[in-house]
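Please read these points with the model open beside you.

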Amino acid sequence: MALEHTLSIIKPDAVAKRAIGEILATFEQAGLSVVATKMKRLTRAEAEAFYAVHADRPFYAPLVEFMLSGPVVISVLAGENAVMHHRQLMGATDPTAAAPGTIRARFASNTRENAVHGSDSVENAQNEIAFFFAQTELCH
């Protein structure tokens, strides 16, 4: 097993549902450590750049608008196999297909308003963490 870092974003829908504490507690109770966190409203430039990999997909513009609709909570989580562990805790993108007890099964409304974002690989985690945090902001 490898100690890893992953990026987690609690999206505007889950923030509006006042689920921040429950979601962060889920990560911690599952053995992941929060080593950095902040709440902010993304700028249009940030949202467009962060999701640029999807710019040619039909869901890109609606996703950017959704991410601008309210504040988000951005965290760096650390732990053994953190990327995959976090993704298991999140559940399937479609909340109707998410396993019971996962974050998306509990808090998501649909495939866009799906409560959380998580890095999908160690490499992407490193890039996504660097997008939002300086190394000096990570507290191990």
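1. A pocket is found on a 1 Å grid over the protein atoms alone, as an open set of points where a 1.4 Å probe fits, with protein on both sides within 12 Å along at least five of seven lines; lining residues have an atom within 4 Å of a point. Its volume is the space filled by probe spheres set on the points, which are joined across faces, edges and corners. The largest pocket holds about 670 Å³ of space.

2. This is a predicted model, in which local features need pLDDT of at least 70 and side-chain atom pairs count only at pLDDT 80 or more, while totals for chains, interfaces and linings use all residues. Residues are numbered from 1 along each chain as its sequence is written, and side-chain values use heavy atoms, with hydrogens and water left out.

3. Helices (H or I, at least four residues) and strands (E, at least two) are DSSP runs, numbered from the N terminus. Four strands form an open sheet in the order S2-S3-S1-S4, with antiparallel pairing; strands pair if DSSP finds at least two bridges between them. S1 and S3 are joined by 8 bridges, and Leu7 has Val76 in S3 as its bridge partner.

4. A nonpolar core is a set of buried (under 20% relative accessible area, 1.4 Å probe, protein chains only) Ala, Val, Leu, Ile, Met, Phe, Trp, Tyr and Cys residues joined through side-chain atoms within 4.5 Å. The largest has 21 residues, and Leu7 and Val76 are among those that touch the most other members.

Notes
Buried < 20%, exposed > 50% of the residue type's maximum accessible area, 1.4 Å probe, protein only.
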